[in-house]
Amino acid sequence: MKKKINVTMTDEAKNFFTNLKSIPMSCHEVSEELIDKLNAAIKTIREDKAIWFSTENLPHEIWRDIKGSEGFYKISIYGRIKSFCKGRVKILVSRFNRGGYVRVNLSKNGLIKTKSLHSLVAKEFHLNPENKPQINHEDGDKENNCVWNLSWSTGSENKRHAFKIGLLPSQKGTNNPRAKLTEEQVSYIRKHYKPYDRKFGARALARKFNVCSQVVYDIAHYKTYKNIP
């Protein structure tokens, strides 16, 4: 846990966090532009496993005890879990289930329980006065379990949100009957995408083509629609 965040963080992400005064608890508290930058910066860090799982405290990170596991585990606003088991402090490695959600194993008194990461974050950092049963990922990215990207919702609210942001079961190509984008639109995104840009950033292009920002990001980085230049 000795690695410092400024050793390998990209200059863009480092400068962004250095100038950030505080972390919003909800994406609705601040501008879409700031949320885009925040999501891009945290994604850069998350994809560098050496940082994500070896740095004990990231910039502005807030930790809380996980209810029922006090003294054993803490959860952070970035969706990381810190373990204090056996006198060692470490960040837990997470895994994905078949539905694409991030899961972690928590051990206490010899018993192991598997928990959904988004559920742990929401329960510790968001009130749920209406007792809504589901948790919504605002940007449609199940790997983004940061506090500002999660909100409590009903099943119907979740479905309406998924429809609104263009989140579909499959987005492998324009030949898919459910595909939301044409080849021309995919090419346009690849040509014009600029991280953090007000006009050509992920959120702006997502609004332009009525899809979620994660779809734009995946297209720009050739994770989807790979057959289109």
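User: Which residues of helix α7 are buried?

Analyst: This is a predicted model, in which local features need pLDDT of at least 70, side-chain atom pairs count only at pLDDT 80 or more, and totals for chains, interfaces and linings use all residues. Residues are numbered from 1 along each chain as its sequence is written, and side-chain values use heavy atoms, with hydrogens and water left out. Buried means under 20% relative accessible area, exposed over 50%, and partly exposed in between (1.4 Å probe, protein chains only). By this criterion, the buried residues in α7 are A202, R203, A204, L205, A206 and F209.

User: How many of the eight residues of α7 are buried, and which helices are included in what covers them?

Analyst: Helices (H or I, at least four residues) and strands (E, at least two) are DSSP runs, numbered from the N terminus. Helix α7 spans residues 202–209 and is mostly covered, with six of its eight residues buried. The cover over these buried residues includes α2 (32–47), α6 (183–192) and α8 (213–220).

User: Which residue follows α7, and what is its relative accessible area?

Analyst: The residue after α7 is N210, which is placed in the loop between α7 and α8. Its phi is positive, near 60 degrees, although N210 is a residue other than glycine. N210 is partly exposed, with a relative accessible area of 41%.

User: Is N131 buried or exposed, and at what relative accessibility?

Analyst: N131 lies in the loop between α4 (117–125) and β8 (134–137). N131 is not a glycine, yet has a positive phi of about 55 degrees. N131 counts as exposed, because its relative accessibility is 63%.

Notes. Contact means heavy atoms within 4.5 Å.
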